[in-house]
Structure formats: structure tokens, C-alpha cells
Amino acid sequence: MSGVRTLLLFICITHLFAIQGEQITRRDELEIIIGGGDATPSSPPDDQNCPPPPPPPCPPPPQPQPSPPPPKSPPPPPPKPSPQPPKRKSPPPQPPSGFDSPRLALVFPVIQKFKKLVEPYDPKGITKTWNGKDICAYKGFSCDKVPFYNQQAVAGVKFNNFNFGGPNLTLTEFLMGLPDIVFFHANSNSFTGLIPTELNKLKYLYELDLSNNKFSGNFPYQVLRGNKLLFLDLRFNNFAGVVPPEVFGLNLDLLFINNNKFIQKLPDNLGQTTALYLTLANNKFIGGIPPSIGRASNTLLEVLFLNNKLTGCLPYQIGLLKKATVFDVGSNSLTGPIPLSFQCLRKMELLNLARNKFHGEVPEAVCGLPGLSNFTVSYNYFTQVGPQCRKLIKNGVLDVKMNCILDLPNQRTPGECNHFFSTIKPCPNEKMLTYVPCTGGYSSYQLESLDVAMSGPATAPGPAQGLGRASYGALSPH
């Protein structure tokens with residue numbers, strides 16, 4: 001036992017000295033850091049029998065940082081697609097069975113529905129031809145290729161003088177059901193109701209003839225939406241009220257609104273019209289002819305104002321209508337002299353001033369117009385005609401009956417003439433009536449003494465007739 005104790009004692013002493021030596025060494029280091037270093041080591045602590053504190057745990061060894069992953073290699077390119085054989089064009093759609101094209105099949109039910117509507121009121125049996133799927137053979141229908149689809153389609157309707165009737169013969173559903181329509185002519189039927197409000201959707205509609213039907217009410221403003229229209233014929237209906245100025249801004253070649261019940265002054269923008277043929281006859285237009293008419297100098301060929309209630313003097317700007325062949329203001333209440341600008345109407349063929357209150361002389365220069373074939377001034381108050389005009393009277397071109405020309409037959413009585421001349425009023429700006437725009441100067445109304453030399457009586461021709469011209473054809477309902 002003693003041997004064991006001796007061994008334990010020796011181990012404790014050895015361990016104690018080792019710990020004290022380490023403390024001295026650490027202290028010396030601390031004192032050197034703070035400026036000491038000569039101090040003798042302090043005596044060991046009194047309690048030498050306490051066991052030393054356990055050494056602090058060793059920190060774990062530093063773990064190596066994981067190395068970044070190697071960069072991913074780019075994916076291999078996809079394999080090139082094998083060349084595809086060229087696609088075949090799909091064949092055009094086949095028309096429904098029995099029809100020449102899908103566009104014709106589209107309008108077939110529209111036509112058949114209209115047929116049921118008018119069949120009981122079809123005095124000429126037109127609808128009996130509207131059987132089967134050969135629509136282009138139906139009487140009154142015309143076909144052509146529609147541009148966008150390059151297919152046969154119903155391009156035209158011509159119902160003129162078919163006399164279709166019935167209490168519900170309206171236009172909208174039928175016309176709007178013909179999307180490829182180019183012209184729609186329905187003169188002399190019994191269409192009534194409203195004109196379609198969406199005419200602009202009929203993108204090929206260039207001609208609309210609804211003349212001699214039973215339309216009534218105010219002017220059909222719906223036609224203003226027909227921005228492709230070139231031909232507009234509304235004559236011989238019962239439209240009333242006013243004609244909107246916008247009508248004269250439409251890009252028309254022909255405008256016939258005669259034989260209705262329009263009551264108004266002619267719009268100031270009348271001359272804005274692009275129409276070649278303008279017929280306003282047989283209404284109740286009042287006031288004067290607007291000077292703007294001269295703005296139509298490059299387009300207007302024929303214009304009919306006859307049988308209205310127009311008043312005032314003729315504007316000199318009429319003489320600017322260098323292409324006009326027909327000018328008719330017959331049967332109004334216009335007054336004043338004939339403007340000398342009329343001698344600039346070099347293309348004029350038919351000039352009707354009859355049944356007004358014109359007075360003064362018939363200008364020699366007007367009688368000298370090279371193409372004049374029918375010139376009537378009958379039932380006015382003219383007092384003088386010169387040699388050139390007398391030649392026209394002799395040749396049956398100029399009609400001067402029922403005026404105040406003393407040496408010619410078939411004139412008014414002196415009492416009628418005297419009464420008229422006691423009441424006439426001068427025209428405003430009378431000087432402009434002597435202006436001749438094609439010469440840029442002014443002329444005189446005074447005739448030389450030779451011009452009033454008497455000549456033998458001449459047979460006056462009858463009143464001016466239409467001679468087959470386009471505008472005068474509009475004065476017939478059919």
C-alpha cells in the first residue's frame with residue numbers, strides 16, 4: 001500500500017509543478033504586454049491541494065470550404081429538323097350543292113324571303129322566275145364577280161316598272177341582305193318605309209334609284225352614309241321639308257330629287273356639287289339661285305330648276321358654267337335682265353327662261369352661241385330682240401311669244417306690259433349683270449339702231465322640249 005501512495009504523491013507533485021510553470025510563463029507574457037517584465041513571480045496560491053480546472057475544449061478543426069461546382073457545359077444543340085415537304089395549298093371552298101358560289105348561296109334565303117313578301121302583289125309574274133338555285137337567271141337580278149372573294153355574286157337589281165306592291169314592301173332587310181350589290185334600281189314600285197341606315201356597309205353600292213315609289217316624310221338622311229354613291233335618284237316620291245346641305249357635298253355624278261315636296265331656299269353650298277346632272281324641278285324651292293353655282297363650272301352639264309318658286313335676279317356666276325349644255329329655270333318668278341355672262345356658255349344647247357318675269361333685251365351675244373338649238377324666253381316681259389335673235393326666231397330656235405316686243409306677233413297686251421313696268425324693282429348690284437367673265441370685262445345692254453330694225457313676222461316655236469337629254473328624262477316618272 002505504501003508503494004502505491006508514494007507513486008500517487010509523486011504524480012501529484014509533478015503535475016502541480018507543471019501547472020505553476022505554465023501560469024508563470026503566461027503572467028510574464030501579460031506583464032510584458034502592459035509594460036512590466038521585471039516582477040518576480042507571485043507565490044503560488046495557498047490551496048495547493050485543489051485539483052486544477054479542466055483544460056478548455058479544443059475548437060473543431062476548420063472545415064475546408066467546398067469547392068465551387070464546375071461550370072455546366074452547354075447543352076448540345078438540338079438536331080436539325082428534317083426538311084418538310086412543301087405544304088399543298090388548300091383548295092378553295094366548294095360552293096354549297098347546286099349554287100355557283102358561296103356568295104350566291106348566301107343571298108338565296110334573302111331573295112326567297114322577299115319573294116314570299118311580294119308574290120301576292122306581283123302583277124307581272126316576275127317572281128315566278130325566282131325558282132331553283134340559278135340565281136343569276138332570275139329576272140331582275142344581275143351577277144358578276146365580287147372583287148374581294150373572286151366569286152360570282154348578285155351585283156345588280158333592276159326592278160324598274162315591275163310594279164311590286166303590298167302593305168309591307170319595305171327596303172331595309174332585302175337591300176342589306178345583298179352585301180355585294182353595286183346598283184339597285186327600283187323605279188315605279190310601291191316601296192315604302194325607311195331607307196336603310198347602314199348604307200355605308202354596302203361597300204360596292206354606287207347607284208341607288210328609288211324613284212316613283214311611296215316613300216314619304218323628311219329627306220332620307222340615311223343616304224348621306226352611302227359614301228360610295230355616284231347615282232342618287234329620289235324623284236317622284238312624297239319627301240318633304242328641307243334638303244340637307246350635305247347632299248351637295250356627296251361625290252355624285254347624278255342627283256335627281258325632282259317631283260317631291262321640298263320647301264326651302266336653295267342651300268348656299270349648291271355649287272359644291274360634283275353632279276354632272278342636277279334636277280331639282282317640280283318642288284317648292286324659294287329665294288334665288290346661289291352665286292356658288294359658278295363653283296360647279298368644271299362638272300355641271302345639265303341643271304333643271306324649272307317649276308319651283310324661285311325669285312330674284314340671276315347671278316352672273318351662271319356664266320361660269322363652261323361645260324353646261326342645259327340650263328332650265330322655266331316657270332318660276334325670277335326677274336331682271338339676262339346676265340351678259342350667258343354669252344360665255346359656249347357649250348349651251350338648250351336654254352329655257354320661259355314663264356318668269358325677265359325683262360329688257362334678249363342679248364345678241366347669247367343668240368350667237370354656236371351650239372344653241374332650243375332657246376325659249378316666252379311668257380316674260382322682254383322688249384327688244386336684235387338681228388341675230390331674229391334669225392333664231394325665223395329658224396324656230398328661239399321662242400319669244402307673250403312678251404312685250406311691239407313688232408312681233410303673239411305678244412302681251414300694252415296694258416299688261418305697262419302694269420308690269422310700273423312695278424319692277426332693280427336688281428341688286430346691277431353692274432355685275434354686265435360682267436362677262438370669259439372676256440374679263442363689262443359689256444352694254446344698249447342695242448345699236450340697226451339691231452331694232454323691223455323684220456317680217458316669224459312663227460315662234462313651241463316651248464323647249466327635252467330632246468331626249470338625260471335630265472329631261474327625269475321629268476317622267478318611269
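Mentor: Let's start at R412, which counts as buried at 15% relative accessibility; buried means under 20% relative accessible area, exposed means over 50%, and partly exposed is in between, using a 1.4 Å probe and protein chains only. Before going on: this is a predicted model, where local features need pLDDT of at least 70, side-chain atom pairs count only at pLDDT 80 or more, and totals for chains, interfaces and linings use all residues. Residues are numbered from 1 along each chain as its sequence is written, and side-chain values use heavy atoms, with hydrogens and water left out.

Back to R412: its side chain meets that of E416 in a salt bridge, 3.4 Å from N to O. The term stands for a side-chain nitrogen of Lys or Arg within 4 Å of a carboxyl oxygen of Asp or Glu. In general, side chains of opposite charge can pair when their charged atoms come close.

A search of the whole structure turns up 7 salt bridges, and the R412 pair is one of them. Among the others, D399 and K401 join side chains at 3.0 Å, N to O, and D399 is buried with a relative accessible area of 0%. Then there's E198 with K201, whose closest N and O atoms sit 3.3 Å apart. In that pair E198 is partly exposed at 34%, and K201 is exposed at 54%.

Strands are DSSP runs of E with at least two residues, helices are runs of H or I with at least four, and both are numbered from the N terminus. S190 is buried too, at 17% relative accessibility. Skip its neighbours within four places in sequence, and S190 is in contact with F164, G165, L169, N213 and K214, where contact means heavy atoms within 4.5 Å. Take G165: it is 25 residues from S190 in sequence, yet the two C-alpha atoms are 5.0 Å apart.

One last stop, helix α2 (residues 102–118): its buried residues, including L104, V107 and F114, pack against β1 (141–146), β2 (151–158) and α3 (172–176).
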